[in-house]
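Visitor: Please take me through one part in close-up. I would like the geometry, the contacts and the cut-offs behind each term.

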Amino acid sequence: MIPPGLLAVSLAALLTACTHGSSHGSPAVQTAHAAAQPAVPAAPEATLPPGSWVAFQRNIEPILARYCFHCHGPDRSENGIRFDLFTDEESLHTRIDTFNKAIVMLYASKMPPPCEYQPTQTELNALVGWIAARQKIEATAAVAR
Ligand code: HEC
């Protein structure tokens, strides 16, 4: 049995977390939104070059589309962050700053906001794995210049 006081405190914390940055108040809206999203591949293709454009297109973009686009896409771009502007290899390089910020938010479990649909552990691993690989590519290129 949870002490009533403790329950009240954790509920309050949850409610506060839920109101912050949330675009979808009602579960019905969330469900409708999730249903409209493309299916995310169950397991990322490990054979694609880590941090590459093909790996992004195949494994990463579907995850971003499902969990991030509705706040960081064409309709809303919270904090100026958009994940829908990656069109080719060059755009990954030009907009690397978006990923540098994203990996910090993902590691800190700050994005997606607490009440939004959360990526599975597999999806999270794919996201941070790809970003880390991309950061390594960018860093190596920077040293070579
Ligand atoms: C419900 C809306 C919502 C969703 C979904 C969402 N975000 Fe955000 N995001 C925000 C808001 C609001 C801010 C700005 C305020 C803040 O930082 O809390 C933000 C800020 C950010 C920033 C900027 C941080 C900085 O340092 O400036 C990044 C990066 C980010 N989000 C990444 C993501 C990623 C990655 C996902 C998906 C996995 C995601 N967000 C999903 C609402 C959202």
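Guide: Asn79 counts as exposed because it has 10 C-beta neighbours inside 10 Å. The scale is simple: 20 or more other C-beta atoms within 10 Å of a residue's own make it buried, 12 or fewer make it exposed, and anything in between is partly exposed, with C-beta atoms placed from the backbone. Asn79 lies in the loop between helix 3 and helix 4. Its phi is positive, about 55°, although Asn79 is not a glycine.

Some ground rules come next. The model is predicted, so local features need pLDDT of at least 70 and side-chain atom pairs count only at pLDDT 80 or more, while totals for chains, interfaces and linings use all residues. Numbering starts from 1 along each chain, as its sequence is written.

Now the setting. The chain has six helices and zero strands. From the N terminus on, the order is α-α-α-α-α-α. These elements are DSSP runs numbered from the N terminus: H or I of at least four residues for helices, E of at least two for strands. Of the 145 residues, 18% count as buried.

The part to look at closely is helix 6. Helix 6 has 24 residues. From first C-alpha to last it reaches 34 Å, close to the 34 Å expected at 1.5 Å a residue. That expected span is 1.5 Å times one less than the number of residues. Its buried residues are Glu123, Ala126, Leu127, Trp130, Ile131 and Arg134. Their cover includes helix 3 (53-67), helix 4 (89-94) and helix 5.

Take helix 5 against helix 6. Helix 5 spans residues 96-107 and helix 6 spans residues 121-144. Their axes come within 10 Å and cross at roughly 140°. Helix 5 is therefore oblique to helix 6. Under 35 degrees counts as roughly parallel, over 145 as roughly antiparallel, 65 to 115 as roughly perpendicular, and the rest as oblique. Axes are lines fitted to C-alpha atoms, for helices over the stretch in contact, and angles run from 0 to 180 degrees between N-to-C directions. The crossing is left-handed, that is, the near helix is turned anticlockwise from the far one by less than a right angle.

On the helix 5 side, Ile96, Phe99, Asn100, Ala102, Ile103, Leu106 and Tyr107 take part. They meet Leu124, Leu127, Val128, Ile131, Ala132, Arg134, Gln135 and Glu138 in helix 6. Contact here requires C-beta atoms, placed from the backbone, within 7 Å. By class, this contact has 11 nonpolar, two polar and two charged residues. Nonpolar covers Ala, Val, Leu, Ile, Met, Phe, Trp, Tyr, Cys and Pro; charged covers Asp, Glu, Lys and Arg; the others, Gly among them, are polar.

Helix 3 also packs on helix 6, with axes 10 Å apart and an angle of about 130°. Helix 3 is therefore oblique to helix 6. This crossing is left-handed. Ala55, Phe56, Asn59, Ile60 and Ile63 in helix 3 meet Glu123, Ala126, Leu127 and Trp130 in helix 6. The contact has seven nonpolar, one polar and one charged residues.

Last, the loop between helix 5 and helix 6. Pro112 is found there. A cis peptide bond joins Met111 and Pro112, with omega about -10°. Ser109 is in this loop too. Its phi is near 55°, positive in a residue other than glycine. Ser109 counts as exposed, because 10 C-beta neighbours fall inside 10 Å.

Methods. Two residues are in contact if their C-beta atoms, placed from the backbone, lie within 7 Å.
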